[in-house]
Amino acid sequence: MKPLKFLSVFAVLLLSTINAISQTYYYNVPKTFQGNVYTYQCDEESPNAVILYNKANRFTYTKWTYRDGSPIGSEIRKEYYTVDLVEDETWTKPKCDSIVNGAFSAEEKARVKDYFFMVRMTIDTDTGRVIEVDFSFINMHPFGTIPISVYRKIELDLKNNIWFTLTADGRKLNFTRIGWMHKVK
């Protein structure tokens, strides 16, 4: 190999390695993020996965209960996976997808395009409004490089623009959750 060609190939490989190493992973350890009007917490869910949520959330780690506070037993909980808690409609899922996709810049979309992350909304069973949002992802995947401001934007847009009509079964609970694995487009 000619020296100039070798140096060119070496330089490209070196720059690629430096770029990969210098990628900032914000969520690789449990951490608190303080904004002007919000505080987010990143907790480890497993050795490689994290949950990111607004510290003002009340239900992130709360188990579902009935309105009177009595626990939902395991047999009944299984039933809730097959019972509709919200009315069927056609607009919320596409709107949720649009909100999430719209929060990412073109560069961020390119970085996360081959990966999924979990978006989970907590729904007020009195109003049907989204009252909390949290996110789960593998901390060393590209979602770990997305700044907190993107997750904040998703949270606020979902809270302000999404609501559900609860079924009679849904209204029996003190809150409900709706979540999905999302691939940014």
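**Close-up views of the predicted model**

A hairpin of four residues connects strand E2 to strand E3. The model shown in every view is predicted.

View 1. Strands E2 (39-44) and E3 (49-54) pair in the antiparallel sense over five bridges.

**View 2. Strand E1 pairs with E2 through a second hairpin.** E1, formed by residues 31-34, is antiparallel to E2, and four bridges link the two strands. Gln34 has Thr39 of E2 as its bridge partner. Four residues lie between E1 and E2 in this hairpin.

**View 3. Lys55 lies in the loop that runs from E3 to helix H2 (74-80).** Because its relative accessibility is 46%, Lys55 counts as partly exposed. Beyond its neighbours within four places in sequence, Lys55 is in contact with Thr32, Thr39, Tyr40 and Gln41. Gln34 is 21 residues from Lys55 in sequence, and their C-alpha atoms are 9.8 Å apart.

**View 4. The largest nonpolar core has 34 residues.** Leu52, Phe104, Phe117 and Met121 have the most contacts inside this core. Two or more core residues come from each of strands E2, E3, E4 (117-123) and E5 (130-138) and from helices H3 (92-103) and H5 (148-161). H5 gives the largest share, five residues. Another core, of seven residues, lies apart from the largest one and includes Phe59, Ile72, Leu85 and Phe175. In soluble globular proteins, nonpolar side chains tend to be buried together.

**View 5. Phe117 is among the residues with the most contacts inside the largest core.** Neighbours within four places in sequence are left aside in this view. The remaining contacts of Phe117 include the aromatic residues Phe104, Phe135, Phe137, Phe143, Tyr151 and Trp180. Val100, Ser136, Met181, His182 and Val184 are also in contact with Phe117.

View 6. The buried residues of H5 include Ile148, Val150, Tyr151, Ile154 and Leu158. Arg152 and Glu155 of H5 are buried as well.

**View 7. Cys42 and Cys96 are both buried.** Cys42 counts as buried because its relative accessibility is 0%. For Cys96 the value is 3%, and this residue therefore also counts as buried. A search of the whole structure finds zero disulfides.

**View 8. The protein chain as a whole contains five helices and six strands.** Along the sequence, these elements follow the pattern α-β-β-β-α-α-α-β-β-α-β. Of the 185 residues in the protein chain, 40% are buried. Among contacts between residues at least 6 apart in sequence, 72% join residues at least 24 apart. The chain exposes about 10,800 Å², of which carbon and sulfur atoms supply 57%.

Terms used. Residues are numbered from 1 along each chain as its sequence is written. This is a predicted model: local features need pLDDT of at least 70, side-chain atom pairs count only at pLDDT 80 or more; totals for chains, interfaces and linings use all residues. Side-chain values use heavy atoms; hydrogens and water are left out. A nonpolar core is a set of buried Ala, Val, Leu, Ile, Met, Phe, Trp, Tyr and Cys residues joined through side-chain atoms within 4.5 Å. Buried means under 20% relative accessible area, exposed over 50%, partly exposed in between (1.4 Å probe, protein chains only). Contact means heavy atoms within 4.5 Å. Two strands pair if DSSP finds at least two bridges between them. Accessible areas come from the Shrake-Rupley method with a 1.4 Å probe; for residues, only the protein chains shown count as cover. A disulfide is a pair of cysteine sulfur atoms within 2.5 Å.
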